[in-house]
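Try each task yourself before you read its solution.

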Number of protein chains: 2
Amino acid sequence: MMASVQEMAVPPDAMTGSTTGLPPGRFGLADVLAEHRRGRPRSPAVVDGGTRLTYAQLDARVGRLAAALAGRGVGRGDRILWLGQNSFRVLEVLLAAARLGAVVCPANWRQSADELAFVLQDLEPAVVLWQELELGELVREVRARDAARAHWLQHDGDGADSYEALVAGGPEQAKYVAGTGQDPVLGLYTVAADGRSHAALLSHAGLIAQGMVISHTHEVTDASVCLDSAPFFHVASFMLAIATLVRGGLNVVTRRADGVAMCEAIDRERCTHALIFPPTLETMRDVARGGHYDLSTLWSTPDLSDRPTTMLTPLSAPWARRPGGYGQTEVGGLVTFNALGPPGEGGFGRPSPVTALRIVDEHDEEVATGDVGEISIRGLTVMTGYHRRPELNALRARGGWHHTGDLGRRHADGTLTFVGPKTRMIKSGAENVYPTEVESCVAGHPAVAAVCVIGVPDPRWTQTVRAVVVPSGAVTEEELIEYCRGRIASYKKPRSVVFTDALPRTPRGDVDRDAVDTRFDGGGYPGAG
Amino acid sequence: MMASVQEMAVPPDAMTGSTTGLPPGRFGLADVLAEHRRGRPRSPAVVDGGTRLTYAQLDARVGRLAAALAGRGVGRGDRILWLGQNSFRVLEVLLAAARLGAVVCPANWRQSADELAFVLQDLEPAVVLWQELELGELVREVRARDAARAHWLQHDGDGADSYEALVAGGPEQAKYVAGTGQDPVLGLYTVAADGRSHAALLSHAGLIAQGMVISHTHEVTDASVCLDSAPFFHVASFMLAIATLVRGGLNVVTRRADGVAMCEAIDRERCTHALIFPPTLETMRDVARGGHYDLSTLWSTPDLSDRPTTMLTPLSAPWARRPGGYGQTEVGGLVTFNALGPPGEGGFGRPSPVTALRIVDEHDEEVATGDVGEISIRGLTVMTGYHRRPELNALRARGGWHHTGDLGRRHADGTLTFVGPKTRMIKSGAENVYPTEVESCVAGHPAVAAVCVIGVPDPRWTQTVRAVVVPSGAVTEEELIEYCRGRIASYKKPRSVVFTDALPRTPRGDVDRDAVDTRFDGGGYPGAG
């Protein structure tokens, strides 16, 4: 018991010098940066337009920023809201928050003023760092609704209330305040399984561990140059930058996913890693056709056609040979990787070495191999919880496992198949029916172009299963029901099939299940009050 | 503060199912094994002579072993002493201890009965697992001095009090008891800077983090096959095995560093990694000359001449291109690696991403770049402390940094030079003189074969510096003193030089500084009472 007692005896201000023990959990992102200052002072750390900082310069700025933020009252557990697009200052403020035990939240700037006002009220930040360029009008609309508690500082200005004035005014001396590696340091808003928006809090330990994992799967080293063009409010984008930071590589930031700016940055900085979504890639192809840029560090073909389009790494990286995996914001991004271990039946690989994954039923018992259940995860990269959601946290983290709200199955070889989000559950008699599972089955029929499965209220069975189908050829209701028989358990197969021309969809392109319910008589779901 | 409060609210038995939060620090080695059972059940985990276990089989045996040990009263914080040579059972009992929150200590079986009796008394284990083969007589001598508190179980027997009877008798059901990733799980005895033997306790978090680091530097993957022939009581040997375990590779165990057994194992199992010390390599070369074994997975030349002889990895591993680094048992093995980052002036590289390193003076202030001081380290891999040494732990871990007792300097490029152990400090006037630093200087003279620098009591200066030199050619006292002038600070240069035929040495081959003091009038060291 000695070690446990020793750990408990460490005072909360251990980092300031009075500790009598060395719990490994105290190591955090501030330590990582301080070590880079000692270990690679002259190596380039960040590039953003005309700004270019070595690790020594970055550490000096972060030290002054942290001291200035502390002077404005920011301390352990406080939040800092980033109301801007990508900037090297997002990484600076993350590292400053790391020294203070505070949390940085890069908001999704594509949101409406209403949505951002909710974030502001929910996060209750001590400081808001905002951007005039492109976002000024939106920011003023949001700020008008602030209960005037936060310090508002413009990151792209040079006035008295600007970020650069804050950094310039900070004392030279960097100071660590109390904090541990188990503390959260990053908050990312995400729509959870309950359909509402919550800030998932990720810890120092989680970011460092995920940095080490991605360093391995994506072959990130101290020589890597990572293009941070995808928005930092996405976990995948942030984690690629963190892996680069943890390994002492170079982060090259563009304000947004602008094809010209990205081509220019790749050419100039010789970028080796990037996260690029398909629409942006199309723009880049147009730019690349001009032949003005050397993009050969990321693509070997001039038309940018030889690589998977989302996450680009060196060709020798395990990820390049076997991309893909499963993850979500709440677990720090990807937790399973095809790059880890030999291929198997599932298309989503196996958990990283710092995580564990179980498929469980509604009683939290592990289901049999091959059966569908909820994906639950524990490990170093899992969030410490949602910001200010004690009841939801207790529910999602029950038994020490994070319940993802996603359905999956594990094959006998240990690989995962991600089945779909457990957004709805249909209650048919005593049985639970997951729409996504029935949809996977119906969608296998050659005459089905799209399908959404709903529950229709039923006085005897609580609900019955209905498939709303967009056909791609000639098919009858009877044929589709017969097709499901034997492929899935009888109680799961549709009792009725309705045909339609198109399924209603959300602006993001997902099927709008509420609208399908409204149009095709769905409802009466368990737990829906 | 919310997250901190949430963390504090987690009950100590969180792993049993009553947690309301997910502190990332709770993830441990038991989780790693359980995940391998799910993720790669049919992959080979350990091979040892005729024993061959998949991860599913290993997990089942570990579950029964843990349950049986719990039945013998082993619980959180208890110690298990391994009094045997290498065996797959060392890994099994480590993983069983991981489930119980207990600590396993593989003793150095080359020690005398007196030394092992000290370990037994100091560790106070709940269980001793002992070996008859080669060690039976020694064990009985040690056991005769046990205060009869431990359960003694023979690991290489099949009687009622044998390891295999224990495993066979364990219930099928595996159960986790309270424990966290911050708990120690491995104890390794090491001679510390005070010249005495202490058990350094290494945590789950530290082993997993070091496993990830070595996985990267040494290119350990799920396809790796690690030859565990070097004794497990050495941290370097253990960590290579841990990296293989964490990544889901195969550990191939030989009872001892026997050249024939090793060649046979490499040939049969296609080993990709090994830790082999030079004397063993000579034996293996003799064996290899017979041409009976295919050792091409580790060497491409038949005479085993094309690789560094200590730590062998695939040729594509960063370690193979740039081997070497600095470490000690107390920090979980290697903390700096030439394999991380570009080469620099220092020959020992930079810290791993999960550690930080500072060179400090006697007031714990960081010294200037290039100056010699004590190497201090913090990070995920650092020990939780020595077993039952509260005063020493407070001293060594002061300020939240582990003080290694080793001297080093960092160059402007951030790389480390390891200068030597800070075994003695000479007080000359108000100045501190580290013998190792003076020795480095004197040893640079072409006519010096060996040197030991001591402090001679002096009424005016407290001590004066004396060099005891084994010459390799003609040289005078005056020439050597003049040689040091300008190369090191004047107060550091020897006031006197004494020539001798040979320096007294310890059985391990190190210079016996006490004996040098006795023969050449050394003494009066600060802190020596």
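Predicted model: local features only at pLDDT ≥ 70, side-chain atom pairs only at ≥ 80, totals over all residues.

Residues are numbered from 1 along each chain as its sequence is written, chains are lettered from A in the order in which they are written, and side-chain values use heavy atoms, leaving out hydrogens and water.

**Exercise 1.** Work out how chain A can be laid on chain B.

- Superpose by least squares on the C-alpha atoms of residues with pLDDT of at least 70 in both copies.
- A turn of 180° and a shift of 0.1 Å along the axis put chain A on chain B with an RMSD of 0.2 Å.
- The two copies are thus related as by a two-fold rotation axis.

**Exercise 2.** Describe the interface of chain A and chain B.

- Start with contacts (heavy atoms within 4.5 Å): 77 residues of chain A touch 77 residues of chain B.
- Next, look for salt bridges (a side-chain nitrogen of Lys or Arg within 4 Å of a carboxyl oxygen of Asp or Glu); the rule finds four across the interface.
- Asp31(A) and Arg378(B) pair up through their side chains in a salt bridge, at 2.9 Å, N to O.

**Exercise 3.** Is Ser496(A) buried or exposed?

- Buried means under 20% relative accessible area and exposed over 50%, with partly exposed in between (1.4 Å probe, protein chains only).
- Ser496(A) has 14%, so this serine is buried.
- Beyond its neighbours within four places in sequence, Ser496(A) has contacts including Val465(A) and Ile481(A).
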